[in-house]
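Open the model in your viewer and keep the selection panel at hand. The tour goes chain by chain, then to the place where two chains meet.

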Amino acid sequence: MLQGYQSWVFENKPVIIGSSAVGGPFEAQGNYAADFDILHDDLWLGEDSFEKAEKKMLEQACEKAIKKAGLKKEDIQFFLSGDLINQIIASSFTARTLGIPYLGIYGACSSAMEGLALAAMIVDSGFARYALAGTSSHNAASEKQYRYPTEYGAQKPPTAQWTVTGAGAVVLGREGDGPRVTSATIGRVVDMGISDPFNMGAAMAPAAVDTIEAHMRDFNVDLMQYDLVITGDLGKIGRSITKDLLKKHGIDIPEDRYIDCGATMYKESQPLIPLIAGASGCACVATVVYGHFLNRMRKGELKRILVIATGALLSPMSYQQKETIPCIAHAVSIEI
Amino acid sequence: MSSKKQKKLTPVQQEYQEFAKAREPKRPVLKNCIRAFLVGGIICTIGQGLMWIFMNYFGFDEKTAGSPTVAVLVFLSVLLTSLGVYDHIAQWAGAGTAVPVTGFANTIASAAIEHRTEGFVLGVGGNMFKIAGPVIVYGVFSAFVVSIVKVVIKMLGGV
C-alpha cells in the first residue's frame, strides 16, 4: 500500500525464507568471509570468461537460496534480477538456467534493493506465493564494462572503489520464519553534478540522503528506531559525506548505528586491493545484507534494519559524452 | 574543474561539489611524482643497461641498439602484464610505468588479454588498440604537423 509520497508498506510482511551470498577470492579475505555460503578462490570459477563466471555465481546464489528456503525451483513463481553487465546478461542467462518466469531489472548497484522491494510487493499483494530476487557483480567483468582492461596499469585515485565479485539472492514467501520485509521507499534520481566515475561515493551520497529523508517523511519516523542503518556501496568517502549531509539536514545518526557495506567489506591490510575507498557493485550490498546482516537478525542481534542500496546510473558512453552521473537509492526495512 | 563545466551546474550542485570536495582525499601528487621518478628512472636505467649490452656484446652501434632494447622492454612489459603483475606495479608507480615504452606495451597487451573471450578477430583484433589507438593516431598526426613546420622553416631559410 502506498504510504506518503514514494513508499510502500507491506501489510502481510513477506518473509525472507531463504537467503544466500556467494563471493570471490577478495571477499574470502574480507571482513564478512564467514557469512558467505559459497566462496570461490578463482576469479574465473573454471569458466572461460568473466561474464560466465558471474552468471555461475548468480546461479549458485539462487539455487542456494531456494535450497535454504526448503523449496524447489518449480515452487517459485517469479524471479527478479539485475546486474552490471551490458543488457544484464548475467541475470537473464541465470533466468534461462532456472526456467522461472523472470523480470529483468536495472538499477546499477541499487538493483539488490530494487529487486527485494519489488519481490516483496509481488508476494505481499498475493500475485505470487514465492518470489526470488537476486543480483550479482564481478570485479573483472565490471572493470571491462565500465573502465579499462583489468591488466591495464592505470593508477586509480584514492576515491576509487573496488567492485565486489559475488552474488546474493533471497526467496520471499507469505509465511514462514525469518526476517520480514516491512516497507520500502523508492528513490528519485538525484544528480549533484559529479562526473568522475572514480568518485562514485560522492556522486551517490546525495541520492542516499534523499531517500533516507523521504523514508523518514513518509513514515514519520526517525532513524533511531532502526538498530542499524545500512547503505550499500558508498565506500569510506561516500559514507562520511552522507553522514555530514544528514547532519546538515538536521538528521543525526550515531556512528555505531550506521554502516556502509562498501566501507567495511574489505580489510585495510588486504593484498592486491589497492588503497581505495572501499567496495562497490551490485553484489556488495547483496552479499553483506543477505549474508552477514540477515544472519545477525536470525541470531537475534538485530531487530530492525533499514537498508539503502545506492546506484550510479551512468554508462561508459554517457561518461565519454561528459554527462554528469545520475544516482539513485532505494530503501527497504527488514524486521524480525 | 573547468569554468565552462562549472557554469552548467546549478548553484545547489556547485555547493555540493565544494561540500564533497572538502571530504575527499586528494591525489597525493608529490608522493606520486617521487614514485614515478624512481620507477620511471629504474625502467630507463634498465633500458640503458640493455643498450650497453647490445652495443658491447652483440655488435650493435648507438643508432641500431635502440630497436632490440625497445623489443626487450616491450617483451618484459607484456610478460609482466600477462602474469597479472604490471597493473599492481603501476598502481604504485603511476606515471613511472605509464610513460616509458613499457606502459604502451601494457595498454596493448592488457586490452588483447581482456577481449580474448570475444575471439581473435572481433575480440583481440578489434580491441587491442582500444587504449593505444589514440596514442598512435595523435602521435602520427603530431609528427606530421611538426615535420610540416620543420619543412616550412627550412624553406624560409631557417636551420
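A residue counts as buried if 20 or more other C-beta atoms lie within 10 Å of its own. Keep that cut-off in mind for the first stop. One caution before you start: this is a predicted model.

**Stop 1: chain B, inside and out.** Select chain B. How much of chain B is buried? Buried residues make up 21% of its 159 residues. Now color by secondary structure. Chain B shows nine helices and zero strands.

**Stop 2: the outline of chain B.** Along its principal axes, the trace of chain B spans about 65 × 55 × 40 Å. The radius of gyration of chain B is 21 Å, whereas a compact globule of 159 residues would have one near 15 Å. Next, look at contacts within the chain. Take those in chain B with a separation of 6 or more: 54% of them join residues 24 or more positions apart.

**Stop 3: where chain A meets chain B.** Show both chains. Here 27 residues of chain A are in contact with 29 residues of chain B. Select α6 (200-219) and α7 (235-248) of chain A; each supplies at least two residues of the side that touches chain B. Which helix gives the largest share of that side of chain A? Zoom in on α7(A), which contributes four residues. Finally, color this side of chain A by residue class. You will find 14 nonpolar, eight polar and five charged residues on the side touching chain B.

Conventions: Residues are numbered from 1 along each chain as its sequence is written. Chains are lettered from A and ligands numbered from 1 in the order in which they are written. This is a predicted model: local features need pLDDT of at least 70, side-chain atom pairs count only at pLDDT 80 or more; totals for chains, interfaces and linings use all residues. Two residues are in contact if their C-beta atoms, placed from the backbone, lie within 7 Å. Ala, Val, Leu, Ile, Met, Phe, Trp, Tyr, Cys and Pro count as nonpolar, Asp, Glu, Lys and Arg as charged, and the others, Gly among them, as polar. The radius of gyration is taken over C-alpha atoms; the globule rule is 2.2 Å times the number of residues to the power 0.38. A residue is buried if 20 or more other C-beta atoms lie within 10 Å of its own, exposed if 12 or fewer, and partly exposed in between; C-beta atoms are placed from the backbone.
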